Amino acid sequence: MSTLPKLTLLPEVEKFLSRERLTSFVGGQPLASSSNNCIATYDPGSGEKLADVEELTPQEVDQAVQIADEAFKNTTWATMPANERAALLHRLADAIESHKSIIGQIESLDAGKVEAQAQGDVQNCSDTLRYFADLAQHMNHRTTLAVKGHEAWTFRKPWGACAFIFPWNFPFLLIGWGISPALAAGNTVVIKPAEDTPLSAIYLAELAKEVGIPDGVINVITGRGATVGAALSNNKVIKRMSFTGSPEVGRLVGEACGRNLVPVKLELGGKGAAVIFDDVDVADTAEKLAAAITFHTGQVCCDATRWLVHQDIYDDFVNRCVSLLSEVKIGHQLDDSTQMGPVVNAKQRERVLGYLEKGVAEGAECLLTGGPANVAGFPGNFVKPALLAGSLDNTAAQEEIFGPVAYLAPFKTEQEAIEMANYTTYGLANSVWSADLARAARVAESMVAGNSWINAHNVFAQGVPYGGINQSGLGGGVLSVETLLDYYRSTSVVRPL
């Protein structure tokens, strides 16, 4: 019998987790696996098992894609007026909102995410559905072309069955970012959640059934990346693929899609820089960046993990950050007083601790030690925030750690700061902090990345494209008109006059 403190769960969450097994949900109904294989998912804060989730075979993955393809061809989803499709998506968004406390607690338990942050992710998913549903209603599908001697136009239609592989750090939010434009354009979707965090995706698929989304439009397949993810990436029926995760796996997905000539969108890792000039409010900037590096325990691909600080304020900034991060309340994610929860699993915990060891071994100065964190009553995957400093050639300054660890270095001039920020193989998101807005804009435009923010970090406004370049990804971004356009195919029609 467990000796851990009793967690207070919502009755609906207890009922969901009490099932003997959780299964994939395909074609509007559970899809049991013929393999009888299961993957256990655990609470990262307590280490206790939450549920057994069935793992599909590659043949069953192909079956799920076929069902999505048939739903695209044989239901009215792709051909119904945009306003009718939008009405169904708004109904799904309403249902997500009305179940926010339930989904948020499931997400919190599964991903180790502080419960209030998990509920914010659920709201974000709902908002994203509404944004793209409304945007699609105003899309001009037919565009006349002014071509001498010809009658010509282009028209847009949805592609078909689109596949999505999502990571474990933002399971529900990223589902919203990924499938919302595809659904709004009239495509059907096959969702493969991470094996560590599949629960909220299953709940979503069942909710979509309840609100009247046609069977086969939203499908969830569960299992390991090496089997289920690989089978989905290699499927020749899918019309578009979207993968969010590590560059290493992204290359494999891109290679598989390349062989089948399937368009692929890769949203990969990052090693973002925050460039901090000497005219900032040091206390305010330190507080905001400390909050950024501890948000979801630093498991954020676009986070600022390299802090480049003007030499004149370097010592003051370091001292303030050390003080702030030393006081962060680490605890179980369902504890209302917790500011930073666990990392997702023991493997990730060892990764974070391992990078701290590598960094120090290569000569980094340890400004804040970090290391394992002990939380009374909970033997989970907890780590302390850490700060390293030194040469940017250090492994801890070059590779993505995915934990509450920042690497600091001082700079003297604006040009030096730009060169330091661009000293990376990644290209996802950076920020510049300065009271001189002209300088801030100049530096923001000089940093080589898909996104630059000024006097803030992790800003995701709907309507602003967000995506990476270089090792951080390819194939387009999310959250914008351009994203919706990705999920239409274009055809030109020409008649000589």
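Predicted model: local features only at pLDDT ≥ 70, side-chain atom pairs only at ≥ 80, totals over all residues.

Select residues 451-454: this is strand S20, which runs parallel to strand S19 and is joined to S19 by four bridges. Strands pair here if DSSP finds at least two bridges between them, while the strands themselves (E, at least two residues) and the helices (H or I, at least four) are DSSP runs, numbered from the N terminus.

Residues are numbered from 1 along each chain as its sequence is written, and side-chain values use heavy atoms, with hydrogens and water left out.

Now select S19 itself, residues 429-433. How many of its five residues are buried? Five of the five are, where buried means under 20% relative accessible area, exposed over 50%, and partly exposed in between (1.4 Å probe, protein chains only). Ala-429, Ser-431 and Trp-433 lie on one side, with Asn-430 and Val-432 on the other.

Ile-276 has Trp-433 as its bridge partner in S19.

Next, show helix H14, residues 414-421, and colour Ala-417, Ile-418, Met-420 and Ala-421, which are buried. Look down the axis of H14: these buried residues fall within an arc of 165° (taken from the directions from the helix axis to the C-beta atoms), so they line one face of the helix. They pack against strands S12, S13 and S18 and helix H15, contact meaning heavy atoms within 4.5 Å.

A search of the whole structure finds 19 salt bridges, each a side-chain nitrogen of Lys or Arg within 4 Å of a carboxyl oxygen of Asp or Glu.

- Select Lys-113 and Asp-121: their side chains meet at 3.1 Å, N to O, and both residues are buried.
- Select Lys-192 and Glu-195, whose closest N and O atoms are 3.2 Å apart. Lys-192 is buried at 2% relative accessible area, whereas Glu-195 is partly exposed at 29%.
- Select Asp-284 and Lys-288, another salt bridge, at 3.1 Å. They sit four residues apart in helix H10, separated by about one helical turn.
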